[in-house]
Amino acid sequence: MLRQGVRSLSKRLYSTEASSPNYIITRTDASGALPVYLDIKNGGTRSLTIIRRVQGDAEALRQEVAALFPDTPKNFVTVNPINNQVVIKGSYVNDIKQWLAQKGF
């Protein structure tokens, strides 16, 4: 069942169309990696995927990421307005990095 979920997620990740976004995600200085991180909370029972270094319209990025997960609740993907980070419930670091690389970031 988990494999089916991962397969359907990967199909959704690669099915989005490229358009000119209103945001920029800058890579890290030292290694040039995409700034997508996993944050584990509550003693290892809660995982959050965090997209950092978002410049511009983080809400547009949130909407595009939320479109990748159509069967989830409304608060599955949120924006932290203080530091302009996009927070996704669950562990999707590699999937989000692939999607961002496909979009040209």
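Buried means under 20% relative accessible area, exposed means over 50%, and partly exposed lies in between (1.4 Å probe, protein chains only). The model described here is predicted: local features need pLDDT of at least 70, side-chain atom pairs count only at pLDDT 80 or more, and totals for chains, interfaces and linings use all residues. Residues are numbered from 1 along each chain as its sequence is written, and side-chain values use heavy atoms, with hydrogens and water left out.

At 22% relative accessibility, Tyr92 counts as partly exposed, whereas Phe69, at 5%, counts as buried. Rings of Phe, Tyr and Trp (its six-membered ring) pair if their centres lie within 6.5 Å; planes under 30 degrees apart count as stacked, over 60 as edge-to-face and the rest as tilted. The count by this rule is four aromatic pairs, including the two tabulated here.

| Pair | Centre to centre | Angle between planes | Class |
|---|---|---|---|
| Tyr23 and Phe105 | 5.7 Å | 20° | stacked |
| Phe69 and Tyr92 | 4.9 Å | 55° | tilted |

Helices (H or I, at least four residues) and strands (E, at least two) are DSSP runs, numbered from the N terminus. Tyr23 lies in strand β1 (residues 23–25) and Phe105 in the segment after α3, so their pair ties together parts 82 residues apart in sequence. Both Tyr23 and Phe105 are buried. Ring pairs also link Phe69, Phe76 and Tyr92 into a cluster.

Helix α3 spans residues 93–103, with Val93, Asp95, Ile96, Trp99 and Leu100 buried. Seen down the axis of α3, its buried residues fall within an arc of 165°, taken from the directions from the helix axis to the C-beta atoms; they therefore line one face of the helix. Just after α3, Gly104 takes a positive phi of about 100°.
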